[in-house]
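I wanted each term written down with its cut-offs.

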Amino acid sequence: MKYEWKAEKRRMRIQQAMVILLVLLCILGSKYLKTIPGNTVDNWQTQTKKGRNDKSFHELVADLASLGLTEVTDEQLSTVERNWDSIPEEFRESTEKLPMLLSLLGSGNYDYDTWEWTPSSNCIYSFDVEVFDCSNMYTNFLEGIKAISNQEFSITDVVETVSNEDYDKGTGTQTVQFKYNGNMYTYDAELEYDWFDLGMINFMNQMLKKEQNPKRLYYMSDGMQECIIFYCTPDWAIEFKNVTGYKLESKVH
């Protein structure tokens, strides 16, 4: 089932253009943007003043390589450099280079003709919390998690349905069912127009704990609407902060 009230508006979204557009929206109208919990625009702008943009993208790629994130291609590096160069100088102090790079690496590829999303990374998953394909937002999310799982577990038999929907108010329940290593799990997400329910991250981490998996989903924001997720141990999350200066969260409050 497709949510027509938002899908057409976002059908022609192009990845590079969206990066620049979201930056401008954040700066020109930040109080109207829905940001990732714990990573408000104001907090992000405060962090920016600490000199995090002093490094080149080549240096940031080297930092990621030291953490085992070595899959950056020359084409991706050139793309993010072009995106950065396209941002007006007066706006750059309100924009973060590393989240911009991570968002590009983990955003995957969307076929607007077939409505099929495919992951682009086996270690970083990034998505806009204002989702294009609303009817498959949690199915696509699980595909992203599978892609960064290093095949340490299986997610199968995914079914996503909507109930009690009121499209005028953008409310209802979006239920996703799936099997983790053969065990069935169900999450009833709160439907809010085309916004992703980030409580899904908490649910997944509770599930991983129940399954005695030592790893969790850790996330950070780009300061706007992009949620960047890693599947890692607590120790790796600490190492990430030590290397990059960015704290990863494992719980959405």
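**Helix packing**

I noted that H4 and H6 are roughly perpendicular to each other, a label for angles of 65 to 115 degrees, where under 35 is roughly parallel, over 145 roughly antiparallel and the rest oblique. The model is predicted, so I kept in mind that local features need pLDDT of at least 70 and side-chain atom pairs pLDDT 80 or more, while totals for chains, interfaces and linings use all residues. Residues are numbered from 1 along each chain as its sequence is written, and side-chain values use heavy atoms, without hydrogens and water.

I looked up the geometry: H4 (residues 57–66) and H6 (residues 97–106) pack at about 65°, with axes 10 Å apart. I then listed the contact (heavy atoms within 4.5 Å), which on H4 involves Phe57, Leu60, Val61 and Leu64, and on H6 Lys97, Leu98, Leu101, Leu102 and Leu105.

**Aromatic rings**

I found 21 aromatic pairs in the structure, where rings of Phe, Tyr and Trp (its six-membered ring) pair if their centres lie within 6.5 Å, and planes under 30 degrees apart count as stacked, over 60 as edge-to-face and the rest as tilted. The pair Tyr110 and Tyr112 is tilted, because the ring centres are 5.2 Å apart and the planes stand at 50°. Phe230 and Trp236 are also a tilted pair, with centres 5.5 Å apart and planes at 45°. I checked burial as well: Phe230 and Trp236 are both buried, meaning under 20% relative accessible area with a 1.4 Å probe and protein chains only, whereas exposed is over 50% and partly exposed lies in between. Tyr112 is partly exposed, at 25%.

Note on methods: Axes fitted to C-alpha atoms, helices over the stretch in contact; angles between N-to-C directions. Helix = DSSP H or I, 4+ residues; strand = E, 2+ residues; numbered from the N terminus.
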